[in-house]
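Have it open while you read.

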Amino acid sequence: MGEKYFTVPNLLSGFRLCSVPVLLILAWTGIEKVYLALFVIALCTDVADGYLARRLHQESEFGARLDSWGDFSIYLSTPLCAWWLWPHVVLREAPFVAAVLAGFTIPIIAGFLKYRRLTSYHTWGAKLSAVVMSVGTVILFAGGPPWLFRFSTAVLIITQIEEMAITVVSPQWRSNVPTLFHALRRNRESHMKGNN
């Protein structure tokens, strides 16, 4: 039987992807509160889709890729939306914003160069980073203290270094690689099977 596309996790990832144009319009028109509300909902779908995929046994390659595209779209649009809504915050936090942008884009570029597609590792570190970064970003946008956003930037950089390492050591594209250790173990297992 073929892969099911219309599952609850895929619908949540699709919602996140479809929310990006709306978020851009809200930011461009300066509607801060509605933007923040939708932004929080979109971030919550990122937590929920993976959990539900595992819980409902609806994990799939398509779902992993859709989740990655949803994440990529949100992460790519957020700095622009932030610039339109809170330019003073972006300027104040410029070194951290630059580090976040580099942390997101460099591993994606590396994955595209090697595999010709988005990496969809969904590592444990990336999941932790996504939660901490989401909370820190929302607090920052809501006018709160910047320390959590700055801390989450460091967490992000560490997790993205791990993702780069997974890309380096993995000869072929794989989704849902929890850690670098798992990638290395899969390589050893594949090598041992190849020798038998």
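1. First, the ground rules. This is a predicted model, with local features needing pLDDT of at least 70 and side-chain atom pairs counted only at pLDDT 80 or more, while totals for chains, interfaces and linings use all residues. Residues are numbered from 1 along each chain as its sequence is written, and side-chain values use heavy atoms, without hydrogens and water.

2. The largest nonpolar core has 26 residues, and Y35, F39, I74, W86 and F141 touch the most other members. A core here is a set of buried (under 20% relative accessible area, 1.4 Å probe, protein chains only) Ala, Val, Leu, Ile, Met, Phe, Trp, Tyr and Cys residues joined through side-chain atoms within 4.5 Å. Helix α2 (32-55) is among the helices supplying at least two residues each, and α2 gives the most, six. Helices are DSSP runs (H or I, at least four residues), numbered from the N terminus.

3. Take Y35: beyond its neighbours within four places in sequence, Y35 is in contact with L23, L26, A27, T78, C81, L85, W86 and F141. Contact means heavy atoms within 4.5 Å.

4. There is also a second, separate core of six residues, including Y115, Y121, W173 and V177.

5. L91, in helix α4 (residues 87-92), is exposed because its relative accessible area is 56%, where the cut-off is over 50%.

6. M164 sits in helix α7 (residues 147-169). M164 counts as partly exposed because its relative accessibility is 26%, between the two cut-offs above. Leaving aside neighbours within four places in sequence, M164 is in contact with I106, P107 and A110.
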